[in-house]
Amino acid sequence: TCRAVGEYCYVFVQDSQWVDGGNGRVTQAAVDSITKYFDLYTPNDPDKGIYETDVQTFGTPPDFDGDPQIIILILDIQDSFSSESGWVAGYFFSINQYADNTFPGRRSNEAEIYYIDSDPTDLNDDSGLRGAMSTTAHEFQHMIHWGKDRDELTFIDEGCATTAEVICGFSIYNQIYFNSDPNRYLLEWASSSDENVFKDYSRSARWTVYLNEQFPNYFLSKLVGKN
């Protein structure tokens with residue numbers, strides 16, 4: 001159900017996650033905060049939200065559905081979370097950029113949409129909300145990048161996504177992983193099931209943030225747009 005309409009976004013919430021008589025985890029206050037972060041402000045800029053910050057840095061998003069507003073879907077992402085493992089905080093799924101059933105057995109929403117987790121992410125807690133908004137900056141960059149270059153190297157795409165978090169005022173990806181093993185091939189990227197992937201995120205974040213700081217004049221938008 002759509003719970004908010006912003007200048008640049010629609011915010012939908014999975015019905016089972018909506019607070020109703022004590023059930024669910026997502027409140028209207030959390031939805032309103034997410035809308036404001038996306039539309040109005042970030043920790044880095046009180047006058048510019050995640051949407052404008054990412055667009056000015058990386059370029060305009062695709063527009064498959066003919067509606068410039070982005071759909072943010074808050075739901076309990078099914079990720080086999082347990083007390084011993086992590087969870088999926090959010091994701092962009094490029095299948096939604098194709099007509100439904102373009103790929104056998106794969107359904108499409110035929111819209112610009114990305115997903116934000118609500119369990120175990122606590123969107124009513126300041127720390128949980130900031131984490132979700134950092135993920136929002138990251139996943140929105142993936143959407144923009146996909147629209148510009150569908151065959152981008154994972155290292156470049158993830159480097160830009162982690163840099164999106166930084167330019168919006170959130171923390172850089174944990175640099176302990178890079179510092180513990182800096183002697184890795186620059187563009188290497190491990191599989192998602194390999195613990196070395198954390199080192200790759202850490203390394204790509206440092207490399208791309210450095211490039212953004214050293215080369216002004218919309219360098220990253222040129223990199224994303226292959227100009």
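In this predicted model, Phe140 touches Phe38, Ile50, Tyr51, Asp54, Val55, Pro61, Ile70 and Tyr114, when residues up to four places away in sequence are not counted. Phe140 is also, together with Phe38 and Tyr114, one of the residues that touch the most other members of the largest nonpolar core, a set of 40 residues. The elements giving two or more residues to this core include β2, α1, β3 and β5 as well as the helices α2, α4 and α7, while the largest share, 8 residues, comes from α3. Apart from this core lies another, of 7 residues, among them Ile71, Ile77, Ala111 and Ile113.

The sheet itself is open and mixed in its pairing, with 5 strands in the order β1-β2-β3-β5-β4. β1 and β4 stand at the edges and have a single partner strand each, so that one side of each is left without a neighbour in the sheet. From one strand to the next, the twist averages 20 degrees.

Within this sheet, β3 and β5 pair in the parallel sense over 5 bridges, and Ile71 stands opposite Ile113 in β5. Those two isoleucines, Ile71 and Ile113, are among the members of the 7-residue core. Helix α1 lies across β1, β2, β3 and β5, and runs at about 155 degrees to β2.

| α2 | residues 50-58 |

Technical notes
Residues are numbered from 1 along each chain as its sequence is written. This is a predicted model: local features need pLDDT of at least 70, side-chain atom pairs count only at pLDDT 80 or more; totals for chains, interfaces and linings use all residues. Side-chain values use heavy atoms; hydrogens and water are left out. Two strands pair if DSSP finds at least two bridges between them. Helices (H or I, at least four residues) and strands (E, at least two) are DSSP runs, numbered from the N terminus. Axes are lines fitted to C-alpha atoms, for helices over the stretch in contact, and angles run from 0 to 180 degrees between N-to-C directions. Contact means heavy atoms within 4.5 Å. A nonpolar core is a set of buried Ala, Val, Leu, Ile, Met, Phe, Trp, Tyr and Cys residues joined through side-chain atoms within 4.5 Å. Buried means under 20% relative accessible area, exposed over 50%, partly exposed in between (1.4 Å probe, protein chains only).
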